[in-house]
Amino acid sequence: MERKVRTEEKVQELFHAHAAGEEGTDPEFMQILQRFIFGDVCCTGSLDNRMRELVTVTVLTVLSALPQLKAHVQACLNVGCTPVEIRETVYQCAPFIGFPKTLNGISAMNEVFLENGIHLPLPKQGTVSADTERYEKGLEIQEPIYGTEIKERYAYLPAEFGQAVPRFLTELGFGDFGARTGLDRKTRELLTVAMLAAMGDAELQVKSHVFGALKAGNTKEEVVCALVHACGYMGFPRLFNALNACRELLEQN
């Protein structure tokens, strides 16, 4: 199938619209963009439209690319992602990119939901009913995959911070967010890999979470597919940095 035809079919699937033609102020750029992302990358690898769009929403949230995020939230809905799945994808960015950027992503996402007649707020997905449960719930998820490495690594911090910083990570990252329902563990870990790659300067964390993604049931091909899919949005340098960071894991038999 010709690249132009593949692009048209994929754009129709995702956006229910035609691929870029000669209209607009920059038709050449839009054709290059769409034919690379939708004619090449989207046709390479095993991930389906739903997972690819969740990866895209993750990366665009990291980058605060809000107009594009809105377009791809709509694409998520068009290919069968549930509003809860999309919301959880955006929510789980918070421990990694901070609350302000995540709030911007939530605002853009909710605009699309309201335009589609989706009632807000969506059903709750939290599983932690009391503050005292946050650490235990988080540790149940964190320890089988990542062990106690973080706690040991930052034991050198002064005063109470040697215990507080690892505890905050467990409680917030794995208790408040990781323990939520709406996305399975395999999906959350794969999206986290794409998230960290898109952030840049997080190669240590990329390697750690590629390990976690593989342990959660993702294949090496799925990990690479998610990273390559993200390259049209985050750029090739961040793709290569992420691939180099996890090369050792990918080369293991």
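Lysine 10 is buried, because its relative accessibility is 12%; buried means under 20% relative accessible area, exposed over 50%, and partly exposed in between, with a 1.4 Å probe and protein chains only. This is a predicted model in which local features need pLDDT of at least 70 and side-chain atom pairs count only at pLDDT 80 or more, while totals for chains, interfaces and linings use all residues. Residues are numbered from 1 along each chain as its sequence is written, and side-chain values use heavy atoms, with hydrogens and water left out.

The side chain of lysine 10 forms a salt bridge with that of glutamate 13, at 3.3 Å from N to O. A salt bridge here is a side-chain nitrogen of Lys or Arg within 4 Å of a carboxyl oxygen of Asp or Glu. The two residues sit three apart in helix H1 (residues 3–15), so about one helical turn separates them. Helices are DSSP runs (H or I, at least four residues), strands are runs of E (at least two), and both are numbered from the N terminus. Glutamate 13 is partly exposed, because its relative accessibility is 37%.

Glutamate 88 lies in helix H5 and arginine 180 in the loop between helix H10 (161–178) and H11, so the pair ties together parts 92 residues apart in sequence. Glutamate 88 is buried, because its relative accessible area is 1%. Arginine 180 is buried too, with a value of 14%.

The pair belongs to a wider set. Arg87, Glu88, Arg180 and Arg188 are linked in a network of salt bridges. Glutamate 88 also has contacts beyond its neighbours within four places in sequence: Gln125, Arg180, Thr181, Gly182, Leu183 and Arg188. Contact means heavy atoms within 4.5 Å.

Arginine 134 and glutamate 171 form another salt bridge through their side chains, at 3.3 Å from N to O. Arginine 134 lies in helix H8 (residues 134–146) and glutamate 171 in helix H10, so this pair ties together parts 37 residues apart in sequence. Both arginine 134 and glutamate 171 are buried.

## Helix H5 and its cover

H5 is mostly covered, with seven of its nine residues buried. They are Val84, Glu85, Ile86, Arg87, Glu88, Thr89 and Val90. What covers these buried residues includes H3, helix H4 (66–78), helix H6 (94–97), helix H7 (99–115) and helix H11 (185–199).

How do H3 and H5 pack? Helix H3 (residues 49–63) meets helix H5 (residues 83–91) at an angle of about 35°, and their axes are 9 Å apart. The axes are lines fitted to C-alpha atoms, for helices over the stretch in contact, and angles run from 0 to 180 degrees between N-to-C directions. H3 passes H5 in a right-handed crossing; a crossing is right-handed if the near helix is turned clockwise from the far one by less than a right angle, and left-handed if anticlockwise.

H3 contributes Arg50, Leu54, Val57, Thr58 and Thr61 to the contact, and H5 contributes Glu85, Ile86, Thr89 and Val90. By class, this contact has four nonpolar, three polar and two charged residues. Ala, Val, Leu, Ile, Met, Phe, Trp, Tyr, Cys and Pro count as nonpolar, Asp, Glu, Lys and Arg as charged, and the others, Gly among them, as polar.

## Leucine 63

Leucine 63 is found in helix H3. It is partly exposed, because its relative accessibility is 29%. Not counting residues up to four places away in sequence, leucine 63 touches Ala198, Tyr233, Met234 and Arg238. Leucine 63 and isoleucine 106 are 43 residues apart in sequence and 13 Å apart in space, C-alpha to C-alpha.

## Helix H10

Buried residues of H10 include Gly162, Pro166, Glu171, Phe174 and Gly178. What covers the buried residues of H10 includes H5, H6, H7, H8, helix H9 (149–153) and H11.

## Nonpolar cores

In soluble globular proteins, nonpolar side chains tend to be buried together. A nonpolar core is a set of buried Ala, Val, Leu, Ile, Met, Phe, Trp, Tyr and Cys residues joined through side-chain atoms within 4.5 Å. The largest such core has 60 residues, and Val59, Val73, Ile86, Phe113 and Leu227 touch the most other members. Another core, of five residues, lies apart from it, and Ile141, Ile145, Tyr146 and Phe174 are among its members.

Phenylalanine 113 is in contact with Val73, Leu77, Pro83, Ile86, Ile118, Leu120 and Leu122, leaving aside its neighbours within four places in sequence.
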